Amino acid sequence: MKFKEIIIPIESSYQKFKQEFSEAMTSEMPLLNEVFQHIQTSQGKQIRPVLILLSAGICGGITAKTYRSAVVAEMLHLGTLLHDDVVDEAQMRRNQPSVNAKWSSKIAILVGDYLFAEMLKITTENMEYETWKILNSAIQEICKGELIQMKNTANIDVSEDIYYDIIEKKTASLFAAACACGAFSANTHQEDISTFYQIGKHIGMAFQIKDDLLDLLPSAETGKPKSNDIHEQKFTLPLIHFLKTAPETDKKMALDIIQNHYLDKDKVQQLSQRILDSESLIYTESKIAEHIEKATVLLSSFPESLEKTTLKNLMDFSANRNH
């Protein structure tokens, strides 16, 4: 099932979010508008706003606060992507030039900062301080995760625990914040907000592990160069497990490529295929399934609803997608 098909049950709410988001992403400054239009044409699935809408629906119903939360969460996501591309010196973002490549790193950083300021403005003007508190915590975690990842670039001793810490901070923290904001916007109990935070965290963990696996798959549509993580000397779960379990000759080959030939496309592709042919593929898929199962168990305590079914389908999509 495709993402667009999954969210059909909340299509009207989703379209209302998109309208409010489009209005918020408008400026009187021509350069800002130009950059906004560019990043919106390359937007992904907008899964974080959808998580907010679904969480709110499950916890009591979508409110005006829900839509504002969805708008500012997507602004936060886009701002972090702009900064992330500068840090990684990425030239492409979803099959088109990144903002830092099309304009400059300075402009990418400043536009990212502007989006953070705009989301603060929206939340404070509406006195939604709890929403800001949740999202601000996610910003801090994302920055910590990026720093940990930078510290461990090309570190051949990276463990699974360090990897999990990185992706929990860099990716899962915003998924968790989105679900918590959605629950909060429906004026539900703190216990439900905390539960949805955990649900979002597990969905985010599964989503990022899947992303890291897709990076190795030749047929996957990621919008980035294939095996980009190895080219950037990033140690993701499939590679970490491969180095831990592969025969000594394969491990030496892998380390030689990572340390000395990480820019050689043919050698990197050779390593990627070796990982995919190993038990590391099955192991990685098992970890994705593990997080989806944990999220499913947490979600089971909530009454059946259209939104709950849609969230389950979205979780399955996160685990089984090819893009």
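Hi everyone, let's start with Gln233, which lies in the loop between α11 (228–231) and α12 (237–245). Helices here are DSSP runs of H or I with at least four residues, strands are runs of E with at least two, and both are numbered from the N terminus. Please keep in mind that this is a predicted model, where local features need pLDDT of at least 70, side-chain atom pairs count only at pLDDT 80 or more, and totals for chains, interfaces and linings use all residues. Residues are numbered from 1 along each chain as its sequence is written, and side-chain values use heavy atoms, with hydrogens and water left out.

Gln233 is not a glycine, yet its phi is positive, at about 60 degrees. Is Gln233 buried or exposed? Gln233 is buried, with a relative accessible area of 14%. Buried means under 20% relative accessible area, exposed means over 50%, and partly exposed is in between, using a 1.4 Å probe and protein chains only.

Now look at Asn187, in the loop between α9 (160–185) and α10 (190–214). Asn187 also is not a glycine and has a positive phi of about 60 degrees. Asn187, however, is exposed, with a relative accessible area of 58%.

On a 1 Å grid over the protein atoms alone, a cavity is a set of points where a 1.4 Å probe fits but cannot get out, while a pocket is an open set with protein on both sides within 12 Å along at least five of seven lines; lining residues have an atom within 4 Å of a point. Grid points are joined across faces, edges and corners, and a volume is the space filled by probe spheres set on the points.

How many cavities of 30 Å³ or more does a search of the whole structure find? The search finds 2. The largest cavity holds about 120 Å³ of space. Its lining has 14 residues, and Ile39, Ser42, Leu81, Leu82 and Arg93 lie nearest its centre. Elements giving two or more residues to this lining are α3 (30–41), α5 (64–88) and β2 (96–97), and α5 provides the largest share, 4 residues.

The second largest cavity has about 30 Å³ of space. Among the residues lining the second largest cavity are Asp212, Asp229, Ile230 and Lys234.

Finally, the second largest pocket contains about 330 Å³ of space. Of its 14 lining residues, Pro225, Asn228, His231, Glu232 and Leu263 lie nearest its centre.
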